[in-house]
Amino acid sequence: MLDTSCVVSLIDASFGSVNWKLAWFMPNCIDICAEVVAGSAAWLGRGLSCICAQARESDARPSFNLTPAQEECLQRLQSRMDISYDRSIPEHQSALRALWNAAFPEEELRDLISEQWKEMGWQGKDPATDFRGGGFISLENLLYFANNFPNSFQDLLQKREGDRSMWEYPFAVAGVNITFMLIQMLDLEAVKPRNLVGATFLKFLAENESAFDLLYCITFKLMDHQWLSMRASYMDFNSVMKATRRQLEKELLLEDITRLEDLPSYSLLT
């Protein structure tokens, strides 16, 4: 399963430049990273620390029974989640190049390790460092978004919509955080879901094996919508992620939702 260490992205703002530093801690960092805000720096991963805590609190909840089809789909999704990004695997290299080409079709990527990746919002010149928080599935999520909703993907990447903050969230790092958040929210690492939201999602997954990728796209767009509605800056990322999760859980439990395309937030995608 995915490494449930806290993902912490430190935004260090100085003279109009933003440097992203990713730190990895064991689960006991939850209480620490929730408190760390000093000077002009903010911890982007604080939203994830809260998500981790919620997941632990849900451990005592009863599990929901699955149909054979739901169980099989969950196992296949978990198999995807188990795959770590490995820069030595040709398939992973190809996927990463495909992501670059989808994001910047008119700009040639000079190398898989390049300063160019910072243009997409990775913390440094090697995205493999950031994928530790979400595994290969987080790359697959981004690539699915780029291929299936290219207009929305570019809107978020280029920050085209709305009155943007001077200090914006980094697109790629936010994407990895969203993958991690969804896995925790839907309790996908459990043998059976232990919350109603997770059990509801598995009904959609049984009908559409791309349901997790589609929900990722909806969530990313919803997160940006919340970001703009809250007039957020990087110090507010934790609050934006919490608001996004609450809204998503609410929509997933609406009585008249029979597929993910029925979610109100699906209309945000273009």
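**Exercise 1. Which residues is Asp-213 in contact with, leaving aside its neighbours within four places in sequence?**

Solution. Leaving aside those neighbours, Asp-213 is in contact with Arg-80, Glu-140, Asn-141 and Tyr-144, where contact means heavy atoms within 4.5 Å. The model is a predicted one, in which local features need pLDDT of at least 70 and side-chain atom pairs count only at pLDDT 80 or more, while totals for chains, interfaces and linings use all residues. Residues are numbered from 1 along each chain as its sequence is written, and side-chain values use heavy atoms, with hydrogens and water left out.

**Exercise 2. Describe how helix α8 packs with α9.**

Solution. Begin with the geometry: α8 (residues 196–207) and α9 pack at an angle of about 120 degrees, and their axes are 9 Å apart. Axes here are lines fitted to C-alpha atoms, for helices over the stretch in contact, and angles run from 0 to 180 degrees between N-to-C directions. The angle makes α8 oblique to α9, since angles under 35 degrees count as roughly parallel, over 145 as roughly antiparallel, 65 to 115 as roughly perpendicular and the rest as oblique.

Then turn to the residues: Phe-201, Phe-204 and Leu-205 of α8 meet Ala-211, Phe-212 and Leu-215 of α9. They divide into six nonpolar, no polar and no charged, where Ala, Val, Leu, Ile, Met, Phe, Trp, Tyr, Cys and Pro count as nonpolar, Asp, Glu, Lys and Arg as charged, and the others, Gly among them, as polar.

**Exercise 3. Describe how α7 and α10 meet.**

Solution. The axes of α7 (residues 171–185) and α10 (residues 237–252) come within 12 Å and cross at roughly 45 degrees, so α7 and α10 are oblique to each other. The residues in contact include Ala-174 and Met-181 in α7, and Phe-237 and Arg-245 in α10. The residues of this contact divide into nine nonpolar, two polar and two charged.

**Exercise 4. How many helices and strands does the protein have?**

Solution. The secondary structure comes to ten helices and three strands, and from the N terminus on the elements run β-β-α-β-α-α-α-α-α-α-α-α-α. Of the 270 residues, 54% are buried.

How values were computed. Helices (H or I, at least four residues) and strands (E, at least two) are DSSP runs, numbered from the N terminus. Buried means under 20% relative accessible area, exposed over 50%, partly exposed in between (1.4 Å probe, protein chains only).
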